[in-house]
Amino acid sequence: MAGVVTAHLSRDPELRPRHRNEPRWVQWLLIGLALLFMLLIVALPLVSIFIEAFKRGVDVYVASITESDALSALRLTLLAAVISVPINTLFGIAAAWAISKFRFRGKQFLVTLIDLPFAVSPVIAGLIFVLLFGAQGFFGPWLDDRNIQIIFALPGIVLATAFVTFPFVARELIPLMQAQGPHEEEAAVTLGAKGWQIFWRVTLPNIKWGLLYGMILCNARAMGEFGAVSVVSGHIRGQTNTLPLHVEILYNEYQFSASFAVASLLVLLAVFTLIMKSFIEWKSHRETAKEAH
Amino acid sequence: MRQDLLKTLRGVFTMKTMISARLTLLLLAVVLVVSACGGGGGNTETGGTSGGNTETTTTPNNGEAKTDPPKPVELLNVSYDPTRELYVEFNEAFAKHWKEETGQTVTINQSHGGSGKQGRSVIDGLKADVVTLALGYDIDAITEPGLIEPDWQSQFENNSSPYTSTIVFLVRSGNPKGIKDWDDLIKPDVEVITPNPKTSGGARWNYLAAWGYALKHNNNDEAKAEEFVSALFKNVPVLDSGARGSTTTFVERKIGDVLLAWENEALLSLDEFGEGEFEIVTPSLSILAEPPVAIVDKVVDDRGTREVAEAYLQYLYTEEGQDIAGKHYYRPTLPAIAEKYKDQYEQIELLTINDDFGGWQTAQEKHFSDGGTFDKIYIPGS
């Protein structure tokens with residue numbers, strides 16, 4: 001990942017080290033195998049989603065993605081993502097800033113803690129919130145007295161989503177900012193820049209592509225999360241069902257075409273995210289290339 | 001890619017980075033605006049409804065005499081797995097009836113899943129106005145934290161069970177394994193599909209029916225019954241958490257030779273997939289499954305929805321409610337409607353939970369609580 005220098009091999013075989021010069025057929029074999037594998041486990045399932053979705057015609061497809069429960073699931077999924085992504089972005093920047101630019105006790109512990117949501121199973125992540133905020137949970141009676149509903153409502157879904165997507169931005173930024181070191185900020189201080197000025201003019205421009213990349217990964221995961229959200233959702237149709245949960249419900253109700261239609265919505269959201277990601281990669285490459293010259 | 005970034009971003013305060021900083025800001029702003037829109041979208045909706053609420057509450061204040069329509073009300077019915085289609089239709093019928101009766105608009109929200117799991121959600125704070133679960137024990141469990149009054153079962157007729165059902169076998173067309181009765185399920189080459197008795201109500205009825213059959217055919221020898229269900233569960237390759245999950249496992253994923261299913265679930269899958277693919281086999285003995293309903297007292301009192309919630313459950317006992325239950329293959333309890341649908345069902349000798357198993361509390365403790373017979377006989381992966 002960032003900070004690791006990879007050797008770029010020349011395109012001209014003559015100039016490449018001998019042991020890296022495989023015969024042509026080995027190259028084709030490897031490429032062919034990789035392609036075949038991709039075709040089998042990525043392309044085919046994706047295509048089959050669309051085939052199943054349109055099996056009963058375009059009318060059924062349109063009807064099932066414009067049906068009110070599907071729309072409310074879509075709305076909830078987007079809402080959960082647009083709340084948890086900015087929260088995790090702010091947190092990620094703050095954490096990466098603290099970890100990479102300052103020295104303090106327990107830094108390693110903080111880094112480990114940030115990684116925790118990756119290590120914990122999403123179902124456990126959901127249960128944690130039930131244990132904390134459920135009616136029988138730690139804060140349950142207090143919340144109940146004040147009539148605050150967290151679990152089985154939007155706040156719980158956002159919490160679960162935020163928990164699961166918590167490390168993406170921070171994980172992306174920490175190595176980047178660590179590699180950059182505090183020198184540029186220090187230089188800015190000596191030139192008389194103030195705190196926010198340094199952040200907006202030095203730190204942020206330096207990390208922007210990494211940041212956007214992290215946000216996009218975070219967003220992709222937030223929209224697709226199933227396990228954790230399933231535990232805290234309560235599965236109330238039209239209210240606390242996200243898109244992935246709605247797909248499961250439709251599937252279980254023998255509405256296979258409808259369930260694949262809704263699944264195809266998720267695929268489209270994912271494709272859109274991928275396009276954004278590639279765009280950002282391309283953009284950052286171009287910019288670095290330009291500035292290098 | 002990023003180490004290249006580093007190299008190039010050395011020049012501090014160049015015009016370019018200023019521009020990129022602005023671009024970054026712009027992109028961040030876009031994200032925020034989108035989130036504001038999304039939030040706003042949600043808000044306008046809730047704002048809309050709450051706005052609507054304040055309006056409706058202010059209008060009656062202004063013109064109490066004009067008898068404005070009462071403000072709309074929402075109910076949440078937390079139910080078990082196979083009642084999805086039943087309640088979609090019933091909710092519509094009740095909403096229409098309630099509107100005619102009182103002028104009030106009622107929206108009923110549904111949540112479905114394994115019965116035990118659903119009960120657990122209500123205990124954990126899912127704000128259900130009514131619960132319509134697969135068996136009494138799951139509602140008893142909700143009485144423990146004080147959400148439901150302990151005497152709930154006497155609140156409505158027939159032990160608060162508006163409709164009943166039983167457990168039958170669903171086999172593949174032509175019954176290739178020749179399954180006729182419970183005995184055939186313990187043959188070594190038969191794969192049986194049933195949900196997990198820990199989370200599913202239907203699965204507990206399945207288990208008890210098998211247990212009852214074994215007792216009856218072994219002179220009430222409990223050790224033999226344990227052996228029997230143990231052999232049966234050795235033939236179970238997957239335990240889903242709810243009845244509907246098991247049905248899709250059997251019907252869609254085509255796993256297993258026989259599905260132990262709710263009678264209504266079995267008849268429904270014949271409907272969905274045509275008669276050609278599956279057959280129902282009625283065993284010589286089964287169990288009278290009584291899925292009960294109850295008001296969640298704490299929630300309806302907090303929300304002020306008791307009246308409409310009671311009317312909702314009571315409506316299940318009316319001719320229309322019973323007719324809808326019959327249409328969805330539940331056995332109606334109202335004699336007139338039961339007569340109408342009687343050809344739908346085979347006559348089976350039925351055990352009952354109270355007479356043959358000493359009620360749900362006893363049965364649950366003996367078989368399904370931690371350390372019960374199910375824990376003894378079921379070893380995952382064996």
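In which sense do strand β1 and strand β3 of chain B pair, and over how many bridges? In this predicted model, β1 (residues 73–80) and β3 (residues 130–132) of chain B pair in the parallel sense, over three bridges. Two strands are taken to pair if DSSP finds at least two bridges between them. Helices (H or I, at least four residues) and strands (E, at least two) are DSSP runs, numbered from the N terminus. Within the pair, B:S79 stands opposite B:T132 of β3(B).

Residues are numbered from 1 along each chain as its sequence is written, and chains are lettered from A and ligands numbered from 1 in the order in which they are written. Local features need pLDDT of at least 70, side-chain atom pairs count only at pLDDT 80 or more, totals for chains, interfaces and linings use all residues, and side-chain values use heavy atoms, with hydrogens and water left out.

Strands β1 and β3 belong to an open four-stranded sheet of chain B with the order β2-β1-β3-β10 and mixed pairing. The edges are formed by β2 (106–113) and β10 (293–295), each of which has a single partner strand, so one side of each is left without a neighbour in the sheet. From one strand to the next the twist averages 20°. Angles run from 0 to 180 degrees between N-to-C directions, and axes are lines fitted to C-alpha atoms, for helices over the stretch in contact. Helix α3 (residues 84–102) of chain B packs on this sheet and touches β1, β2, β3 and β10 of chain B, with its direction at about 165° to that of β2(B). Contact means heavy atoms within 4.5 Å. Helix α4 (residues 115–123) of chain B lies across β1, β2 and β3 of chain B and runs at about 125° to β2(B).

Chain B as a whole has 17 helices and twelve strands. Of its 382 residues, 53% are buried, where buried means under 20% relative accessible area, exposed over 50%, and partly exposed in between (1.4 Å probe, protein chains only). Among contacts in chain B with a separation of 6 or more, 75% are between residues 24 or more positions apart.

Strand β5 (residues 167–172) of chain B is joined to β7(B) by five bridges, and the two run antiparallel; here B:V171 stands opposite B:V258. Strand β6 (residues 192–193) of chain B runs parallel to β7(B) and is joined to it by two bridges. B:V192 of chain B also stands opposite B:V258.

The largest nonpolar core contains 70 residues, of which B:W182 and B:L232 touch the most other members. A nonpolar core is a set of buried Ala, Val, Leu, Ile, Met, Phe, Trp, Tyr and Cys residues joined through side-chain atoms within 4.5 Å. Helix α7 (residues 201–217) of chain B supplies the largest share of this core, nine residues. Not counting residues up to four places away in sequence, B:L232 touches B:W182, B:L185, B:I186, B:V192, B:A210 and B:L260. Another core, of 37 residues, lies apart from it and includes A:F163, A:I236, B:A141 and B:V299.

In chain A, helix α8 (residues 167–180) has 14 residues and reaches 20 Å from its first C-alpha to its last, close to the 20 Å expected at 1.5 Å a residue. The expected span is 1.5 Å times one less than the number of residues. Ten of the 14 residues of α8(A) are buried, so the helix is largely enclosed by the rest of the structure. The buried residues include A:F168, A:L173, A:M177 and A:Q180. Just after α8(A), A:G181 takes a positive phi of about 70°.

Helix α2 (residues 57–66) of chain A has A:Y61, A:S64 and A:I65 as its buried residues. Seen down the axis of α2(A), these fall within an arc of 90°, so they line one face of the helix; the arc is that of the directions from the helix axis to the C-beta atoms.

A:N252 is in helix α12 (residues 243–252) of chain A and counts as buried at 11% relative accessibility. Leaving aside neighbours within four places in sequence, A:N252 is in contact with B:R84, B:R244 and B:T248.
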